[in-house]
Number of protein chains: 2
Amino acid sequence: MDKKIIGVDLGGTTIKFAILTKEGDIQQKWSIETNILDDGAHIVPDIVNSINHHLKLYQMKPEQFIGIGMGSPGTVDIKRGTVTGAYNLNWKSVQEVKKIVEHDTQINFTIDNDANVAALGERWKGAGENDADVAFITLGTGVGGGIVSNGSLVHGVGAAGEVGHMNVEPNGYLCTCGNHGCLETYASATGVVRVARDMAEEFSGDSQLKKQLDDGQEITAKIVFDLAKQNDILAKMVIDRVCHYLGVACANIGNLLNPSFVVIGGGVSAAGTFLLNNVEEHFAKYAFPSVRKTTHLRLAQLGNEAGVVGAASLALSL
Amino acid sequence: MDKKIIGVDLGGTTIKFAILTKEGDIQQKWSIETNILDDGAHIVPDIVNSINHHLKLYQMKPEQFIGIGMGSPGTVDIKRGTVTGAYNLNWKSVQEVKKIVEHDTQINFTIDNDANVAALGERWKGAGENDADVAFITLGTGVGGGIVSNGSLVHGVGAAGEVGHMNVEPNGYLCTCGNHGCLETYASATGVVRVARDMAEEFSGDSQLKKQLDDGQEITAKIVFDLAKQNDILAKMVIDRVCHYLGVACANIGNLLNPSFVVIGGGVSAAGTFLLNNVEEHFAKYAFPSVRKTTHLRLAQLGNEAGVVGAASLALSL
């Protein structure tokens with residue numbers, strides 16, 4: 001029988017697991033809560049126990065697996081299999097993830113950061129059509145990304161894929177990274193709201209969004225997108241501005257790497273084709289003519305499963 | 001005896017040749033004029049004849065070579081070994097370069113575009129220190145580039161490396177590609193002069209550059225850089241603006257790919273450390289903190305030889 005692969009997607013609130021075939025079909029999946037108490041000391045033991053427990057449940061043995069692949073927040077040392085600085089897990093010191101998981105499961109282990117792993121997932125079984133050249137942007141609380149080029153993840157010296165920190169406005173908003181005008185400051189969930197608040201101040205027309213902001217109601221990126229879909233003038237202006245910045249970033253990714261697809265995922269991408277079509281308009285303005293024709297923007301297709309699928313795919317190269 | 005490689009750098013005025021060891025040491029080099037008459041029909045036969053002539057001269061046989069690698073302007077089909085649309089060579093229709101060269105020299109042949117090949121050269125034997133991740137920007141009449149990632153050139157769907165058409169100013173100058181605000185419109189040799197003319201119009205202080213422009217004297221990028229080095233106020237403002245755009249582009253390459261080196265070459269880079277230091281200042285403002293520390297900007301080291309060296313390196317994978 002063909003050997004299987006295991007994918008683990010470690011997040012700040014849940015840890016997702018899946019057992020997949022080598023072809024990327026999910027056969028089993030489950031998840032557990034992330035216990036970040038005691039400096040996150042329970043996380044790796046919980047992962048090991050959950051894997052061992054489910055293997056017993058499914059009557060499977062370590063020899064039946066090629067390996068375990070995992071996506072993690074923080075700074076991942078892919079060679080050593082360690083993670084540092086994952087603050088939403090309370091991991092401040094170096095975590096010897098690979099060493100512990102391999103010892104306690106007797107299955108080979110490999111790891112990369114969460115955005116890279118999601119990029120691999122969308123590339124393999126999602127919008128990327130398993131193409132050799134795919135870029136992935138995730139629009140969530142922050143903006144992250146991953147680049148697959150010539151069929152392999154691009155790591156560079158280690159920090160490649162910081163799509164959220166591409167500069168799109170030299171004198172723009174101050175970013176948490178310390179720079180000004182990073183894509184993340186405009187196109188993350190909080191970025192969209194920030195743009196809305198700023199543009200509302202100078203807007204004097206008739207707008208539901210303006211009213212809600214002036215009333216002190218809580219505004220989310222979803223509310224801004226929904227109002228824009230309903231033709232609220234201010235909301236449309238806000239979304240157009242956000243999509244301009246996304247279009248510039250996608251065009252620069254295209255001009256530099258000319259991937260077959262730039263896949264847009266993450267919570268903000270739930271705005272769907274309304275978002276995509278608007279970004280495409282701006283992309284067309286800034287993409288080099290041959291890139292405009294050959295690099296296609298797409299919405300992500302796997303949703304929450306991108307992480308486990310991409311993580312599992314890491315194990316294929318073990 | 002170890003087999004050798006041949007590099008050919010096809011340009012609009014000269015064709016450069018070199019015979020190199022597998023280690024990249026140039027053993028022989030020569031060049032011929034490019035004859036672009038008759039729709040460039042003489043170019044490929046001239047290349048073949050020159051190679052065969054020199055092999056006879058050096059008493060070498062086809063079996064002593066791994067292959068011939070070539071860099072060409074225009075759109076290169078690397079799989080088929082053909083070139084189209086190289087207008088400075090008068091090549092309008094498809095040129096079967098590989099087929100003819102292999103038949104007439106009896107040596108294996110491979111080809112890529114000139115900017116990619118120069119990137120390979122600087123990466124292998126120049127400023128790139130043979131690192132697996134190197135980006136190359138060439139500042140000449142236009143602005144071109146090439147990206148090496150995980151040790152391989154990035155082609156994407158075919159047009160990757162259009163660094164000159166990265167957008168650095170959404171409402172910027174109109175570019176020959178039809179878009180606005182491409183890096184090339186500011187940082188090419190003609191771009192620098194364009195910025196100078198524009199800024200001179202609004203400048204009223206004391207400046208030699210302003211005087212020369214107002215006198216109708218011909219201005220080149222070199223003159224602007226030289227005056228800036230001599231502390232001409234307007235020239236310094238112009239160079240600072242150009243370097244701002246270069247800094248933004250280098251930072252975005254860094255944020256996306258985190259290469260070990262971004263190598264800056266081409267005629268404009270003759271301005272040397274004066275240019276480099278200024279670009280570095282702007283790069284530092286827009287590069288993600290970990291990228292700022294790990295991606296280093298460098299001046300190209302091989303000059304005109306980057307093309308033949310990089311072209312020859314293509315042959316190593318034959």
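At what angle do the axes of helix H2 (residues 43–57) of chain A and helix H3 (residues 97–105) of chain A cross? In this predicted model, the two axes cross at roughly 30° and come within 10 Å.

**Relation between the copies**

- Chain B is superposed on chain A by a rotation of 180° with 0.0 Å of shift along its axis, and the RMSD is 0.0 Å.
- The two copies are thus related as by a two-fold rotation axis.
- Of the interface residues of chain B, 100% are also interface residues in chain A, so the copies meet through the same surface.

**Domains of chain A**

- Chain A is divided into domain 1, comprising 4–120 + 305–317, and domain 2, comprising 129–300.
- The C-alpha centres of domain 1 of chain A and domain 2 of chain A are 29 Å apart.
- To the contact, domain 1 of chain A contributes seven residues and domain 2 of chain A contributes six residues.

**H2 and H3 of chain A**

- With a crossing angle of roughly 30°, H2(A) and H3(A) are therefore roughly parallel to each other, as angles under 35 degrees are counted.
- H2(A) and H3(A) form a right-handed crossing.
- From H2(A), the residues A:Val44, A:Val48, A:Ile51 and A:Asn52 meet A:Val97, A:Ile100, A:Val101, A:Asp104 and A:Thr105 of H3(A).
- The contact of H2(A) with H3(A) comprises six nonpolar, two polar and one charged residues.

**H9 and H10 of chain A**

- Helix H9 (residues 233–257) of chain A and helix H10 (residues 273–286) of chain A have axes that cross at roughly 55° and come within 7 Å.
- H9(A) and H10(A) are therefore oblique to each other.
- The crossing in which H9(A) passes H10(A) is right-handed.
- Among the residues making this contact are A:Ile239, A:Cys243, A:Leu246 and A:Ala251 of H9(A), together with A:Phe274, A:Leu275, A:Phe283 and A:Tyr286 of H10(A).
- By class, the residues of the contact of H9(A) with H10(A) are 11 nonpolar, five polar and one charged.

**H4 and H12 of chain B**

- The axes of helix H4 (residues 114–125) of chain B and helix H12 (residues 306–314) of chain B cross at roughly 90° and come within 7 Å.
- H4(B) and H12(B) are therefore roughly perpendicular to each other.
- The residues in H4(B) that meet H12(B) include B:Val117, B:Leu120, B:Glu122, B:Trp124 and B:Lys125.
- On the side of H12(B), the residues of this contact include B:Ala306, B:Val309, B:Ala311, B:Ser313 and B:Leu314.
- The contact of H4(B) with H12(B) divides into eight nonpolar, four polar and two charged residues.

Technical notes. Residues are numbered from 1 along each chain as its sequence is written. Chains are lettered from A and ligands numbered from 1 in the order in which they are written. This is a predicted model: local features need pLDDT of at least 70, side-chain atom pairs count only at pLDDT 80 or more; totals for chains, interfaces and linings use all residues. Side-chain values use heavy atoms; hydrogens and water are left out. Copies are superposed by least squares on the C-alpha atoms of residues with pLDDT of at least 70 in both. Contact means heavy atoms within 4.5 Å. Axes are lines fitted to C-alpha atoms, for helices over the stretch in contact, and angles run from 0 to 180 degrees between N-to-C directions. Helices (H or I, at least four residues) and strands (E, at least two) are DSSP runs, numbered from the N terminus. Angles under 35 degrees count as roughly parallel, over 145 as roughly antiparallel, 65 to 115 as roughly perpendicular and the rest as oblique. A crossing is left-handed if the near helix is turned anticlockwise from the far one by less than a right angle, and right-handed if clockwise. Ala, Val, Leu, Ile, Met, Phe, Trp, Tyr, Cys and Pro count as nonpolar, Asp, Glu, Lys and Arg as charged, and the others, Gly among them, as polar. Domain bounds come from an automatic or database domain assignment.
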